[in-house]
Amino acid sequence: KKEIYSKEILDANPALLEHAGEGMTNEELDRFAVMARSCDKFDVYDELTKIKCPVFVIGARNDRVLNVVGSLEIAEKLNCELYIYENHGHGVFDEAPDIKQRMYDFLKRNP
């Protein structure tokens with residue numbers, strides 16, 4: 001979880017790590033582990049050009065889980081709209097206060 005959230009978020013919410021995953025069953029955790037391991041073998045990069053609708057790639061420069069390189073490669077392959085958060089990591093969707101507005105604006109421009 002330290003790889004997901006920024007130090008600022010963890011400092012402001014010290015119980016976040018302690019309670020993360022609470023309420024998940026062992027079966028759910030096992031399924032998550034299987035899914036996470038399978039991501040290593042999942043490669044659809046050559047299939048991306050089959051996407052025919054507008055695409056908005058959002059990445060985070062400090063993503064220590066997936067790395068920003070994937071976002072950059074996808075956006076380049078699709079020649080699509082891209083926004084990289086410079087000061088966020090993997091938890092950007094939870095942390096960036098403007099992310100919902102960015103997504104909404106993209107959807108409004110691309111009905």
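Reader: What should I know about the model before we start?

Author: It's a predicted model, so local features need pLDDT of at least 70 and side-chain atom pairs count only at pLDDT 80 or more, while totals for chains, interfaces and linings use all residues. Residues are numbered from 1 along each chain as its sequence is written, and side-chain values use heavy atoms, with hydrogens and water left out.

Reader: Why is Cys53 called exposed?

Author: The scale runs like this: buried is under 20% relative accessible area, exposed is over 50%, and partly exposed is in between (1.4 Å probe, protein chains only). Cys53 comes out at 51%, so it counts as exposed. You'll find Cys53 in the loop between α3 and β1; helices (H or I, at least four residues) and strands (E, at least two) are DSSP runs, numbered from the N terminus.

Reader: What makes up the largest nonpolar core?

Author: Eight names: Phe56, Ile58, Ala60, Tyr85, Val92, Ala96, Ile99 and Phe106. To qualify, a set has to consist of buried Ala, Val, Leu, Ile, Met, Phe, Trp, Tyr and Cys residues joined through side-chain atoms within 4.5 Å. At least two residues each come from β1 (56-60) and α6 (99-109), and β1 gives the largest share, 3 residues. Another core of 6 residues lies apart from it, with Leu48, Val57, Leu78 and Cys80 among its members. As background, nonpolar side chains in soluble globular proteins tend to be buried together.

Reader: How do you know that the buried residues of α4 line one face of the helix?

Author: In α4 (residues 69-78), Ser71, Ala75 and Leu78 are buried. Looking down the axis of α4, they fall within an arc of 75°, so they line one face of the helix. That arc is taken from the directions from the helix axis to the C-beta atoms.

Reader: What makes the nonpolar surface patch?

Author: Met24, Leu29, Phe32 and Met35 form it, and it covers about 380 Å². Patch members need over 30% relative accessible area and no salt bridge; nonpolar side chains (Val, Leu, Ile, Met, Phe, Trp, Tyr) are joined within 5 Å, and like charges within 9 Å. Accessible areas come from the Shrake-Rupley method with a 1.4 Å probe, and for residues only the protein chains shown count as cover. Take Phe32 in helix α3 (residues 26-38): its relative accessible area is 49%, so it is partly exposed.

Reader: Why is the pair Arg109 and Glu81 called a salt bridge?

Author: The rule asks for a side-chain nitrogen of Lys or Arg within 4 Å of a carboxyl oxygen of Asp or Glu. For Arg109 and Glu81 the closest N and O atoms are 2.4 Å apart, and the pair counts as a salt bridge. It links distant parts of the chain, with Arg109 in helix α6 and Glu81 in strand β2, 28 residues apart. Arg109 is partly exposed at 47%, and Glu81 is partly exposed at 32%.

Reader: How many salt bridges does the whole structure have?

Author: The search finds 5. Among them are Lys50 with Glu47 at 2.6 Å, N to O, and Arg102 with Asp98 at 2.9 Å. Lys50 is exposed at 59%, whereas Glu47, at 39%, is partly exposed.
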